[in-house]
Structures are given as C-alpha cells and as structure tokens.
Amino acid sequence: MTNDNIIGIDLGGTHVRAGVVREGNLKDIVSSRIPASGTVEEVLQVIYNLVDPLMNEQVKAIGIGVPSVVDIEKGIVYDVQNIPSWKEVALKKLMEARYNRPVLINNDANCFALGEKYFGKGKNFSSMIGLTIGTGLGAGIIINDKLYAGVNCGAGEFGCVEYRDQYFEYYASGQFFENCYHTNGEVVFKKAQDGDPLSIMIFEELGTHLGNAIRMILYAYCPELIVLGGSISKAYPLFQEKMWERIRTYLYTNTLSLFHLEVSDLENCGVLGAAALYYDTQS
C-alpha cells in the first residue's frame, strides 16, 4: 500500500459513494442518490459533483467499482445494473479527460475482494475470494496477492455454474426466497429473528445450497480464505450450521483444516476496494 491519495468511487444501483484513501484511511466520504432513469450525462454529472471537491494535486489516481461487465483495458462499462441508460459508457476516457489522472475501473465484486484484501479480513492471506451474496452470487478472486478478473471481469461468476435444475445463483443468493418460497428475504429474516420455525428452516435450506457452492469453489480454486459479503451475509448465524455441514463433505480434509471463512464487517468496502484497484497495479 502506498502513501498516495487515491479517490475511490462505488457506483451502486441506487447511490454513488466516493472518498479519498491515504495510508489505509478513508476520509471525506460523500454520497448521492443516482437518478436511475437519468441519461448518461445526468448520471455522470452526479459523479462529477461528488469527485470535483475531492480532487487536488495530491490525488494520484481514481478507482471506480461498478455493478456491470467491464472492459478493463479500455475502461468501458456495459449494462450497468439499475441504470438503463448506461448500456455502453467509455467511463475511463471521460473521467481521465476531466481529471487528468489515471482511472481504473472494475466490477463491484472484484472491488469487494480488493477491499477485504487491503483493508479487511484478507490482509494476511495471499489467496482469497470475496463472495458477495445479495440479489446475485458473485465473487472477486485474489491469487498470489493479485486480483484475477478474467476477460471483461468474467472470472468469479460462480452463480452462473449449473446446479440442480438451475444454477447456483437461483438457490444460493437472495433470489432463493422468491424462486423457491415466493417471498422476500427481508421478511423471512425478520420472522426468523422472531423465532418463526418455517423462516428458520428456509434459511437453513439456503445454507445447504450455499455450502454446496462454497465446496465447488474450494474444488476449483482452493483459496486460503473466503470472505462473505452482501446483504444475505448479515444473516450468517441463521445459515452457518447447515452451510458448514456441506463444506465439511469436501474430500481433502487436511486442506480443509487450513481453510478460513469470515464474514465481512468492513464499512465502505466498495469505496475502499475501488481505491485498492490502484494498489493492485503497484504490487
């Protein structure tokens, strides 16, 4: 990690957040709601309005995490979630022209993994996976202390791997509640916290599916650490037992004894991870 000032930008589905990272500390964090139905230019102006006050001579680079497919080399983002007008935006070119600084862009799951690597539970591990469990099942992969993103950020799409009659994301993400029980995960969570037996059972079933997904990841990558993030990870106590029942069926018991699994507690991980895109290029 360098002493440079890096601006991190987390472009979410409803809000964009930005801040300045220096020596592992995040300061001057700002946030604004995104006009989801806005034009490309209107959404860009929201970003500019946040970044302009943060920019000064000490800023070395800008990192941006986006919920979309990204051409990393060209810095083009495609089909950004919840922003219909952002079908194909040359974000790197536009930002570099305005700020005259190197701009690094990657998807939000990869930024989550980098955030944990540099600022969170992954600091002491050279190989790790940040697994985001929310409306989808995505991941960022760190191998030998470097992000592995694949072509157009295509690596880590474990949710798209076939599973049962569908694919893992169908059963091992927030989609599970609607797909299998025609309900909302937040509603089930509240009922489970109140001791409702059916709701507790639903989360246990989710844990079984998620455990199968993690076991598959172990066979494919065998990382030292997996960090769980995303909205569903907040319910970890409700599904951890059944999840671990499936993980423990992993055949290589000695390897499993060296495996670590943690739940993220890192605040503003998206902003920190976006800034860490710069650190990843320096390592």
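## Second largest pocket

β8 (103–107), β11 (146–148) and α10 (269–282) each contribute at least two residues to the lining of the second largest pocket. The model is predicted. Of the elements named, β8 gives the most to this lining, with four residues. The volume of the second largest pocket is about 220 Å³.

In total, 13 residues line the second largest pocket, and those nearest its centre are Ile72, Leu104, Ile105, Asn106 and Thr281. Sorted by class, the lining holds seven nonpolar residues, two polar residues and four charged residues.

## Packing of α3 and α10

Helix α10 also packs against helix α3 (residues 108–119), at an angle of about 80° and with the two axes 7 Å apart. Angles of 65 to 115 degrees count as roughly perpendicular, and α3 and α10 are therefore roughly perpendicular to each other.

On the α3 side, the contact is made by Cys111, Phe112, Leu114, Gly115, Glu116, Tyr118 and Phe119. These meet Cys269, Gly270, Leu272, Gly273, Ala274, Ala276, Leu277, Tyr279 and Asp280 of α10. The residues of the contact of α3 with α10 comprise eleven nonpolar, three polar and two charged.

## Packing of α1 and α2

Helix α1 (residues 40–51) packs with helix α2 (residues 91–99) at an angle of about 40°, and their axes lie 12 Å apart. Roughly parallel would require an angle under 35 degrees; α1 and α2 are therefore oblique to each other. The crossing in which α1 passes α2 is right-handed.

From α1, the residues in contact are Leu44, Ile47, Tyr48 and Val51, while α2 supplies Leu91, Leu94, Met95, Arg98 and Tyr99. By class, the residues of the contact of α1 with α2 are eight nonpolar, no polar and one charged.

## Packing of α6 and α7

Helix α6 (residues 185–193) and helix α7 (residues 197–221) cross at roughly 120°, and their axes come within 8 Å. The range for roughly perpendicular is 65 to 115 degrees, and roughly antiparallel needs an angle over 145. Helices α6 and α7 are therefore oblique to each other. α6 passes α7 in a crossing that is left-handed.

In the contact, Gly185, Val188, Phe189, Lys191 and Ala192 belong to α6, and the residues they meet in α7 are Ser199, Ile200, Ile202 and Phe203. The residues of the contact of α6 with α7 fall into six nonpolar, two polar and one charged.

How values were computed: Residues are numbered from 1 along each chain as its sequence is written. This is a predicted model: local features need pLDDT of at least 70, side-chain atom pairs count only at pLDDT 80 or more; totals for chains, interfaces and linings use all residues. Side-chain values use heavy atoms; hydrogens and water are left out. On a 1 Å grid over the protein atoms alone, a cavity is a set of points where a 1.4 Å probe fits but cannot get out, and a pocket is an open set with protein on both sides within 12 Å along at least five of seven lines; lining residues have an atom within 4 Å of a point. Grid points are joined across faces, edges and corners, and a volume is the space filled by probe spheres set on the points. Ala, Val, Leu, Ile, Met, Phe, Trp, Tyr, Cys and Pro count as nonpolar, Asp, Glu, Lys and Arg as charged, and the others, Gly among them, as polar. Axes are lines fitted to C-alpha atoms, for helices over the stretch in contact, and angles run from 0 to 180 degrees between N-to-C directions. A crossing is left-handed if the near helix is turned anticlockwise from the far one by less than a right angle, and right-handed if clockwise. Contact means heavy atoms within 4.5 Å.
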